[in-house]
Amino acid sequence: MRRVVVTGLGVITPLGNDTDTLFSALMAGQSGVRVIAGEGPRGPFTGVGAPVQFDPAHYFPPQQRIDQIDRVSQFSLAAASMAVSDAGISFTDDNRDKAGVSMGTGMGSSLTLEETFTQLLLRDPDRVKPLTVLKVMNNASAGHIAIQYGLAGPDLTYSCACSSSSVAIGEAFRQIRHGYADVMIAGGAEAELAFGFFKSWEAMKIMAIPDRTNPSASCRPFSKNRSGLVLGEGAAVVVLEEREAAMGRGARIYAELAGYGSSNDYLHITKPSVEGQARAMTLALDDAGLTAADVDYVNAHGTATALNDVTETRAIKQLLGERAYKVPVSSTKSMHGHLLGGAGALEFVISLLAMHRRAVPPTAHLDVPDPECDLDYVPGLGRADQDLRCVMSNSFAFGGTNAVLVARQPS
Amino acid sequence: MATIFETVQNILADKYSVAKESVTPESTLESLGLDSLDLIELMFEVEDAFNIRVPQEAGTALKAATVQDIVDNIQKLIEQGEAAPIGGSLPS
């Protein structure tokens, strides 16, 4: 069977726009969560979120018409460009037919959509910006990436809420494993810090109550005093390659993407299930030819909602048995927030960095233990000198889509 | 006050990174490096700048147009006053 390796990583995150800055911040338990202010129709609004510091001029040449590209696709293109240069790969007529792209997003081009409806409903019912359709279509990110690099193979977009980019990476992995592609640029992005989307999430009553004294500590996964998720924005992209080809060109290999598990809870549109989550984890390990005994780190979905964290804890226990108490499990969402459709890709990248740099990132702001969440969540600061043979990254979505990626040390 | 030509020239320079001096009445949009999407956007900018509405058929006809053709069309639309709305508008 064809094997798949990861040769390039690129990130745009609330904790920095390169993997070094991101990983240092995570290890130090730093948070990118802060008070954000925006413009609502009746004046400014504030909330707590994890925004990205992003200057398009740094990533795009002056002649590129970035006003034709929504922020979410700008993130995607910037992260893809980092991943491609990190991989040191170039696309030519020799490889482009079997090179593709697979991206995930949950809310898509939120800012352009909001701007469009604001324009239409509040200012001028007659017309909107001419290229609105091309900016808001959910496959804009993938399309722009394919054009940028001349990728003639599969051009895929997945939207399954918070699992979108784990699914995008998992399905890209299958494209290579089954021979439809040799190289895939895969990942996801989200840029949903727009007034209407923010209010919609608020209405779900699952957003964290802002911490008045320290807003950056508002997201507290697995802590007894957790109060919900914090929305974050950004993108993460990986370059996946067929192993022999990557080795043949002397590529630096971060890890082998060994398994992907995909399942549905089939119970409720929001309520997670232990069985559904555990099934996705088991499927991913089976797919990798590994067992629970091989797992040395789990990057949890860990949203900091009351229900997710208990359910996920139980699912991990069901998977790992007694070993569950020995394996570090962390939710880095405590620091970069919930990137929704971009979350899975970012957390997969973080898991690979953990394995590659022999260090486990922490769960920040876990101050009050919850008897129902009793695993080793690596509270506080990260741990250095950890040999991780195999890492697992979990994504569980509204709609019930569970997606789990398993990677191991390259061999 | 800027002439119609000068305004179009400014839009092309500001929005499409076209060198101002390369815009002549004889230039075609294609020769200035604009593609079909750029033309759609240019129509939007022109509508804003001259407070007119460019009907869909006029927009289509402009695809192979020179800058002078565009200037003539704008002149005509200004003289006609407000053109019929394009597509559907909300009932008032």
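Predicted model: local features only at pLDDT ≥ 70, side-chain atom pairs only at ≥ 80, totals over all residues.
Figure 1. Most residues other than glycine have a negative phi. Ala304(A) also has a positive phi, in this case near 80°, and is found in the loop that lies between β9 and α10 (306-320) of chain A. With 29 C-beta neighbours inside 10 Å, Ala304(A) is likewise classed as buried.

**Figure 2. Strand β11(A) and its pairing partners.** Strand β11 of chain A spans residues 390-396 and is mostly covered, with seven of its seven residues buried. On one side of the strand the buried residues are Cys390(A), Met392(A), Asn394(A) and Phe396(A), and on the other they are Val391(A), Ser393(A) and Ser395(A), so that both faces are covered. Strand β9 (residues 297-299) of chain A runs parallel to β11(A) and is joined to it by three bridges; in this pairing Val298(A) has Met392(A) as its bridge partner, while Asn299(A) stands opposite Ser393(A). Strand β12 (residues 401-408) of chain A runs antiparallel to β11(A), and seven bridges join the two, with Ser393(A) standing opposite Leu405(A) of β12(A). The hairpin of β11(A) and β12(A) has four residues between its strands, and Gly399(A) takes a positive phi near 95° there.

Figure 3. The pairing of β4(A) with strand β6 (residues 183-190) of chain A is parallel and extends over six bridges, and the partner of Met103(A) in β6(A) is Gly187(A). Strand β5 (residues 155-158) of chain A is also parallel to β4(A), to which four bridges join it; here Ser102(A) has Leu156(A) as its bridge partner.

**Figure 4. Helix α5(A) and its surroundings.** Helix α5 of chain A covers residues 140-149, and its buried residues are Ala140(A), Ser141(A), Ala142(A), His144(A), Ile145(A) and Ala146(A). These buried residues pack against the helices α2 (71-87) and α4 (132-136) and the strands β4, β5 and β6 of chain A. Just after the helix, Gly150(A) takes a positive phi of about 65°.

Figure 5. Ten strands of chain A form an open sheet of mixed pairing, in the order β5-β4-β6-β7-β1-β8-β12-β11-β9-β10. The edge strands are β5 and β10 (329-330) of chain A, each of which pairs on one side only. Helix α12(A) packs on the sheet, where it touches β1 (4-12), β4, β6, β7 (234-242), β8, β9, β11 and β12 of chain A, and its direction makes about 165° with that of β11(A). Helix α9 (residues 274-288) of chain A lies across β8 (255-264), β11 and β12 of chain A and runs at about 145° to β8(A).

Figure 6. Chain B contains four helices and zero strands, and among its 92 residues 20% count as buried. Of the contacts in chain B between residues at least 6 apart in sequence, 59% join residues at least 24 apart. Helix α1 (residues 4-16) of chain B packs on helix α2 (residues 36-50) of chain B at an angle of about 130°, with the axes 11 Å apart, and the two are therefore oblique to each other. The crossing of α1(B) past α2(B) is right-handed. Thr7(B), Ile11(B), Lys15(B) and Tyr16(B) of α1(B) make the contact with Asp38(B), Leu42(B), Glu45(B) and Ala49(B) of α2(B). By class, this contact has four nonpolar, one polar and three charged residues.

Notes: Residues numbered from 1 in each chain as written. Chains lettered and ligands numbered in written order. Axes fitted to C-alpha atoms, helices over the stretch in contact; angles between N-to-C directions. Parallel < 35°, antiparallel > 145°, perpendicular 65-115°, else oblique. Left-handed = near helix turned anticlockwise from the far one by under 90°. Contact = placed C-beta atoms within 7 Å. Nonpolar A, V, L, I, M, F, W, Y, C, P; charged D, E, K, R; others polar. Buried ≥ 20, exposed ≤ 12 C-beta atoms within 10 Å, placed from the backbone. Pairing = 2+ DSSP bridges.
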